[in-house]
Amino acid sequence: MRLLTLRLPKGTGNSKGTAAVRQDGDTLTEIDGFSDVGALLKDSNWESIARAANGATHPLEGADLEAVVPAPGKIICVGHNYRNHIKEMGREVPEHPTLFAKYAGSLIGPNDDLALPQESDAVDWEAELAVVIGKTGRRISEADAKDHIAGYSVLNDISMRDYQFRTVQWLQGKTWENSTPFGPALVTKDEFSAGPLMTSAVDGEIQQQTPTGDLVFTPEYLVSYISTIITLNPGDVIATGTPGGVGHAQDPKRYLQEGQVLVTTIEGLGQLANRAVKEA
């Protein structure tokens, strides 16, 4: 099952302006009573509700999509989780996951413009597999972790490298507003598991291309590890790390320029296509 958050046309009577929808081929079916996928996941019966939904329908073609979970309670990101990226950045394979956070204000929809800040000249791409939590848990065992995963999506952890490396703490380079495309859909775990190819391309030129199964720490391990520290709740997002091919590691270094289109794809999950636009 594929679940998306649709921005509704004005005049539909929906005060929030968005709706959780189920994708049925080329048709999007509203899941009545839920303004977005994050709100849906907070209902313990979300899966059966989504499967039974028969609300208003909309064509997929031309749909204006919001970030699939627009306002996660937590966005926890993992650094150094693909060996080829660890090598290109000159680091050692970590013994434990390297964690940092993003805030919801950084998220944009799968086809939205990506804001290039006036303050940064080093905006880099980082294609990532995102895990979306579907069930509350604390100190979840690795064996039970899959029960807490609702599904998977595509995310690009856009990084302002000049700000990221000002200090040893990365947050200031990772959570700029309107910079992190996320979507287009949450694909439920019965239809996807880590393994298929993930690609990022800038103006059609492939930059990253690695199977999502090449993670140092698997989604299940990350759910278990992170939940040891903090309770994971429905709608929380774990960005599982990026593979080799980032612009910062190239010689000469390459960064996103105004007008370029960044396309991020994971086979079986979908595609993000975002034009880089200078922030006003």
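**Chat about a predicted model**

Me: Why does Lys74 count as buried?
Reply: Because its relative accessibility is 16%. Buried here means under 20% relative accessible area, exposed means over 50%, and partly exposed is in between, with a 1.4 Å probe and protein chains only.

Me: Before we go on, what kind of model is it?
Reply: A predicted model: local features need pLDDT of at least 70, side-chain atom pairs count only at pLDDT 80 or more, and totals for chains, interfaces and linings use all residues. Residues are numbered from 1 along each chain as its sequence is written, and side-chain values use heavy atoms, with hydrogens and water left out.

Me: OK, where does Lys74 lie?
Reply: In the loop between strand S4 (57-59) and strand S5 (75-79). Strands (E, at least two residues) and helices (H or I, at least four) are DSSP runs, numbered from the N terminus.

Me: And what is Lys74 in contact with?
Reply: Skipping neighbours within four places in sequence, Ile230, Thr231, Leu232, Asn233, Asp236 and Val237. Contact means heavy atoms within 4.5 Å.

Me: Which backbone oxygen lies 2.9 Å from a polar atom of the Lys74 side chain?
Reply: The one of Thr231.

Me: Switching topic: how many helices and strands does the protein chain have?
Reply: There are 5 helices and 18 strands.

Me: What about S2 and S3, how do they pair?
Reply: Strand S2 (residues 18-24) and strand S3 (residues 27-30) are antiparallel, over 4 bridges. Two strands pair if DSSP finds at least two bridges between them. Asp24 is opposite Thr27 in S3. The hairpin has 2 residues between the strands, and Gly25 takes a positive phi near 65° there.

Me: How does S3 run relative to S4?
Reply: Antiparallel, with 3 bridges. Thr29 has Thr57 in S4 as its bridge partner.

Me: In what order do the 5 strands of the open sheet come?
Reply: S8-S18-S17-S14-S15, with mixed pairing. Strand S8 (114-116) and strand S15 (205-211) are the edge strands, each pairing on one side only.

Me: And how do S8 and S18 run?
Reply: They run parallel, with 3 bridges joining S8 to strand S18 (residues 270-278). Leu116 is opposite Lys278 in S18.

Me: Last one: how much of the protein chain is buried?
Reply: Buried residues are 55% of the 280 residues. Also, among contacts between residues at least 6 apart in sequence, 75% join residues at least 24 apart.

How values were computed. A polar contact is a pair of N or O atoms within 3.5 Å; within protein, one must be able to donate a hydrogen and the other to accept it, and residues adjacent in sequence count only if both atoms are side-chain atoms.
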